[in-house]
Amino acid sequence: MIELSGVSKDYLVGQSKVHAVSDVSFEIAKGEFAAIAGPSGSGKSTLLNLIGGIERPSAGRLLVDGQSIGELTPDQSALMRRAKMGFIFQTFNLLPVFTAYENVEYPLHLLNVPNEERRRRVDALLKEVGMSERADHKPSQLSGGQRQRVAIARALAAQPSVVLADEPTANLDHQTADEIIALMKKLHQDHGVTIIFSTHDPRIIEQANRLIRLDSGRLATA
Amino acid sequence: MPVYARLAFRNIFRNRMRTLITLLVVGSGAAAMIIAGGFIVDTISQVREMTIRDRLGHLRIYKNGFLEQGVLQPYGYMIGDVTGLLKEISAQPHVIAAGPRLSYFGLIGNGDLTLSFFMQAFDPAREDRVRNTASLVAGEFTQPGKPFDVMLGEGLAKALNLRVGDSAVLLGNTERGGMNAADVNVGGIFRTISSEFDNGAIRAPIQLAQRLLRVDGAQMIIVFLDRTDATDGVKQNLLRLFKARGLDYEIQAWHEMPEATVITTTARVYESIYRVIKIILFLFIILSIINTMNMAVLERVGEIGTLMALGTQRRGILKMFIAEGMAIGVLGGVAGCAAGCLLAILISAVGIHMPSPPGSSMEWIAHIALTPGTLLTAFAMALATSLMASILPAYKASRMEVGEALRRNI
């Protein structure tokens, strides 16, 4: 389903080139609950961004459902993300002017899902993540854990085949982090969606059924 | 409401103080436009109406050929008995007065000094409805029962040192070339918008002029309307009427008269000023709000990244920020138009006392005319400036790299 072959990503910082990801190759099958682990600055976020089509690889080949991500234009890439991917961010990234309900609904607007279907899906997802009671709350009126629950519901709204979560528990306390990971795991099982998340928290890593370790942008040998 | 529009509308009220200041700038610009435009429309309108009422009339009807040959043969194209014709003309829609006119150049003396004059001879009874009370400086208007009472232009009266009640002698060339004179009384002194006219004009009953010049009838029939914009329509109706009656007359509308250049020149000057004001206001609004629009983009870079990560295409981001600009334009335009209308009503209620313009000794009270044109211009400007100010920031937002924008999320 996801296939990386010799993928590298370099950035220019001033005059010098920084190798964020170097020659990474692996495959992730449909339905996996995979963790990308590594210390800060090891290239976890960059790797997730590459898989999500947010950044283009400097070298190598990256296929999602057989489609080469590196060859897409920015707009084609947006269409691909809209249809196939869900995103969960470390800083939640909810739209502050929208309510919890409207945040979850937004990806469905992009897909032109009809009104009735939209309402049905958003209601069901908010119920699944335990946020039905706070559907009308703005993000500023929610706690960190609640915001992340809304973000998870948003990531699943478009029924994507892959959800990419960049350190989804980094800004949460231990108890809330456990709850969020448990929720992600449950949704992974219920929806059969592939979830790839990055983390450097050993307790969270234990929950993954597939582990990809990164060190200085390279796959670490176990 | 489409999702981009909803997002844009909510974002407007996110930073209320900043939005309020932006709306104030846009609204003030629109209101200023209404005031400036309304003042200019009123000024042009007043100059036009005063000139038409005091000098031109809306329409002048001549015997065919007068306009070409009248200067050489001023009495060669006289209209004889006008009573029947005037009745038919007066029955036309929009006509409020119609009367015979006779014009000629002659000499006026006070015993010591003799000066040339231009006479407007008319039937006071028929033009009673259209006399301009503001033009009376002293005495009274020419009366039907006082055939030897004349009105002098202010400048002419001053030059001859004549006051109301004084006597003077008028000299004129008769139709056959001889000289004739008439003793007259100064019944009144008038002032029009044109000092040049007032320096040499006399208004007198047409019977006096006919007696002095030894002619019958009139050189033209002057027609006054209730609405200046009806001029061309009435002209066509009259031409049809004359054709049906087999009358060989020609008609000159006010804007076709050589003396109307004072109106067109004034209009041109004021319209140029209005154009400059529009450009200044346009630039002022754009430069004032472009920074606000830029700030709105800069402080939402992270959000733009999120929207793009969720699958929003570049044109979606562009639409969102342009919708924000448009919403500010609509809100600012509506508020500015409302404030402009209110101000216009208040200013008009008080009136702006204006000094006499160059070439005139007539002071006047200006108002702010509220016309659909000025309102539409003000609203369109508010909308256009807000839209234009949002285009560049919106474009910049839409061209952001998703990863870079997400990294700047806080």
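1. F92(A) lies in the loop between β6 (85-88) and α3 of chain A; helices (H or I, at least four residues) and strands (E, at least two) are DSSP runs, numbered from the N terminus. Although F92(A) is not a glycine, its phi is positive, about 70 degrees. The residue is buried, with 24 other C-beta atoms within 10 Å. Here buried stands for 20 or more other C-beta atoms within 10 Å of the residue's own, exposed for 12 or fewer, and partly exposed for the range in between, with C-beta atoms placed from the backbone.

2. The model is predicted: local features need pLDDT of at least 70, side-chain atom pairs count only at pLDDT 80 or more, and totals for chains, interfaces and linings use all residues. Residues are numbered from 1 along each chain as its sequence is written, while chains are lettered from A and ligands numbered from 1 in the order in which they are written.

3. D23(A) is found in strand β2 (residues 16-28) of chain A. D23(A) is partly exposed, with 15 other C-beta atoms within 10 Å.

4. The contact between the chains draws 18 residues from chain A and 18 residues from chain B, two residues being in contact if their C-beta atoms, placed from the backbone, lie within 7 Å. On the side of chain A that touches chain B, the elements giving two or more residues are α2 (74-84) and α3 (100-110) of chain A. The most comes from α2(A), with six residues.

5. Chain B is divided into domain 1 (3-51 + 263-407) and domain 2 (65-247), with bounds from an automatic or database domain assignment. Taken over C-alpha atoms, the centres of domain 1 of chain B and domain 2 of chain B are separated by 50 Å. Their contact takes nine residues from domain 1 of chain B and nine residues from domain 2 of chain B.

6. Helix α8 (residues 231-245) of chain B has 15 residues, which at 1.5 Å a residue should span 21 Å, and its end C-alpha atoms are 21 Å apart, in agreement; the expected span is 1.5 Å times one less than the number of residues. The buried residues of α8(B) are T231(B), V234(B), K235(B) and L238(B). They cover an arc of only 105 degrees around the axis, so they are on the same side of α8(B); the arc is that of the directions from the helix axis to the C-beta atoms. Q236(B), R240(B), K243(B) and A244(B) are exposed on the other side of α8(B).
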